[in-house]
Amino acid sequence: MSSVTTTQAPKGLEGVVATNSKICYIDGDRGVLAYRGIDIHELADHSNFEETCYLLWFGRLPSRNELQDLRQRLAEERHLDPAIIEFLRNVPKQALPMDVLRTAVSALSFYDPDQKKNDHDANINKSIRLTSQIAMIVAAYDRIRKGKNVVEPDRALSHAANFLLQLNGTKPSPTAERALDIALILHADHELNASTFAARVTAATLSDMHSAVTSAIGALKGPLHGGANEAVFRILQSIDREKADPVDYVRNMLAQKKKVPGFGHRVYHTEDPRATHLRVMSRDLGKSSGQAKWYEMSEKIEKFIKAEKKLNANVDFYSASTYPTLGIDEDLFTPVFAVSRISGWTAHVIEQLDDNRLIRPRAEYLGPEYPNHYVPMDQR
Ligand SMILES: CC(C)(COP(=O)(O)OP(=O)(O)OC[C@H]1O[C@@H](n2cnc3c(N)ncnc32)[C@H](O)[C@@H]1OP(=O)(O)O)[C@@H](O)C(=O)NCCC(=O)NCCS
C-alpha cells in the first residue's frame with residue numbers, strides 16, 4: 001500500500017465515514033436516531049435502560065429471561081473495591097466529578113477479575129461491570145464531597161432507581177425513576193460521536209476496555225461534546241441570578257460571537273430526536289417539582305435561537321433543565337451522560353475488537369519545507 005495520502009479529509013472529519021457499524025443508525029436530515037434499527041422514540045416510550053444495554057451489547061432485544069439475567073448481573077456488579085472508595089475520599093474536595101470519574105475508571109482496571117483478558121466474553125463482563133460501577137462512582141463521589149455517607153446499593157432496584165437512591169439517599173418516586181431511565185435510554189449511544197470514536201481508536205491498538213473508556217470519558221468532558229449540558233445550566237443560573245431577560249442574555253452572547261451551548265449539531269440538520277423527549281420531560285418535571293423556571297427560560301431561549309440562527313436544540317439543552325429536578329447537581333450532568341453512554345462505548349469497543357484493524361490516519365503536512373536542517377545552538 002502507498003505511504004502517500006490520496007484524500008484530504010474535511011476539517012473535523014465532517015461527513016467522513018470512518019468505520020462500518022451495526023449499532024447505531026442516524027439520519028441527520030430526517031432527525032432519526034435508532035439503536036440496532038429500533039427508533040429512539042419507540043425505545044423511549046416502551047423500553048428501559050437495562051433492555052437498551054442488552055440491545056446495544058448483544059444486537060437484539062432480549063427475551064424475558066435474558067433481560068432478567070442481565071438485570072441480575074448488573075445488580076450483582078453493584079460493588080466497588082474499598083480502594084476505589086478510599087480514592088474518592090482522598091481526592092481534593094474541589095476536584096471536578098468528571099475528572100474524578102475519569103481517573104477512577106482507569107483505576108477500576110486494577111480490581112477487574114478479567115483485567116488480563118481482552119476477548120469478546122471478557123469484554124461483555126467488563127461492559128456490565130463498568131455500567132454498574134460508573135453509576136456508583138458518580139453517586140458516591142458526590143456524597144463524599146458533600147460530607148455525606150456512601151449509600152449502600154439496593155440490588156432489587158432498577159439501574160436508574162439505584163443510581164438516584166445512591167445519589168440522594170432516598171428511593172426515588174416512580175416518576176423520577178422513569179424520567180432518569182428515559183434520559184439514560186436517550187443518551188446510550190450516538191454512532192461515531194467524539195467520545196465513542198476516541199474509545200474505538202484506543203481499543204483498536206489492542207489496548208483494553210478500561211483504557212478505551214478512560215479515553216472516552218476524557219473526550220466527553222469537553223464543552224463541544226458532553227460538557228455542553230453543564231454549560232447550558234450555568235447560563236440558566238446566571239440569567240436567574242442576574243434577573244436577566246433570557247433572550248437578551250443569549251442575544252448578547254451571539255453579539256460577542258459566542259456559541260450558545262445546547263444548540264447546533266454536526267449531524268442533525270433538523271430537531272435532535274432526543275431533544276423532543278427531554279423538552280417534555282423538562283416541562284413536566286419542572287412543573288411537578290416546583291422548578292418550572294428553568295424550563296420557562298429554556299423555552300424562550302430555544303424560540304429565539306431557532307428564529308435568529310436557525311439552530312435546533314440538541315440533547316444537552318433540555319437535559320440541563322431536567323436533571324436539577326432529579327436532585328442532580330450541574331457538575332454531575334456530564335458524569336450522568338457517562339452513566340448512560342458507557343453502554344454505547346462498550347458496545348463499540350466490542351464491535352471494534354470483533355473485526356479489528358488499527359485506526360491510524362494521516363495528516364497533511366503543512367510545516368517548514370523538508371529538508372529543514374538542524375542549526376547548532378550558537379548559530380541560531
Ligand atoms: C455541536 C457543534 C460543536 C457542532 O459543530 P460544527 O459541526 O463544527 O459546526 P460549527 O461550529 O462549524 O458551526 C457552524 C456554524 O453555526 C454556528 N453555530 C453552531 N453552533 C452554534 C451555537 N451553539 N451557537 C451559535 N452559533 C452556532 C457557528 O458559529 C458556525 O457559524 P459560521 O459558519 O457563521 O461561523 C456546535 O454546534 C457547537 O459548538 N454547539 C454548542 C456546543 C454543544 O451544544 N455541544 C453538544 C453537541 S450534542
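Predicted model: local features only at pLDDT ≥ 70, side-chain atom pairs only at ≥ 80, totals over all residues.
## The lining of the largest pocket

In the lining of the largest pocket, 23 residues are nonpolar, 16 are polar and 11 are charged.

How many residues line the largest pocket? There are 50, and those nearest its centre are Ala-194, Leu-224, His-265, Arg-266 and Val-267. Several helices and a strand take part: β1 (24-27), α9 (194-203), α11 (228-241), α14 (292-309), α15 (315-322) and α16 (333-354) are the elements that each give two or more residues to this lining. The space in the largest pocket comes to about 1700 Å³.

## The ligand and its shell

Where does the ligand sit? You will find the ligand in the largest pocket. The ligand is surrounded by 17 residues, and Lys-259, Val-260, Gly-262, Phe-263 and Arg-266 are the closest of them. Sorted by class, the shell around the ligand has 8 nonpolar, 5 polar and 4 charged residues.

## Backbone atoms beside the ligand

Now zoom in on some individual atoms. Val-260 has a backbone N or O atom 2.7 Å from a nitrogen atom of the ligand. Gly-262 brings a backbone N or O atom to 2.8 Å from an oxygen atom of the ligand.

How much of the ligand does the protein bury? On its own, the ligand exposes 850 Å², and 63% of that area is buried by the protein.

## A cavity elsewhere in the model

The structure has 1 cavity of 30 Å³ or more, and the volume of the largest cavity is about 30 Å³.

Which residues line the largest cavity? They are Pro-97, Val-100, Leu-101, Ile-137, Val-138, Tyr-141, Leu-332 and Pro-335. The elements giving two or more residues to this lining are α5 (97-108) and α6 (120-145). By class, the lining of the largest cavity has 8 nonpolar residues, with no polar and no charged ones. The lining of the largest pocket, by contrast, includes 16 polar and 11 charged residues along with its 23 nonpolar ones.

Conventions. Residues numbered from 1 in each chain as written. Heavy atoms only, no water. Near = heavy atom within 4 Å. Polar contact = N/O pair within 3.5 Å; in protein donor to acceptor, adjacent residues only side chain to side chain. Areas by Shrake-Rupley, 256 points an atom, 1.4 Å probe, with all protein chains shown as cover. 1 Å grid on protein atoms, 1.4 Å probe; cavity = no way out; pocket = protein on both sides within 12 Å on 5 of 7 lines; lining within 4 Å. Sits in = over half its atoms within 2 Å of the grid points. Nonpolar A, V, L, I, M, F, W, Y, C, P; charged D, E, K, R; others polar. Points joined across faces, edges and corners; volume = space filled by probe spheres on them. Helix = DSSP H or I, 4+ residues; strand = E, 2+ residues; numbered from the N terminus.
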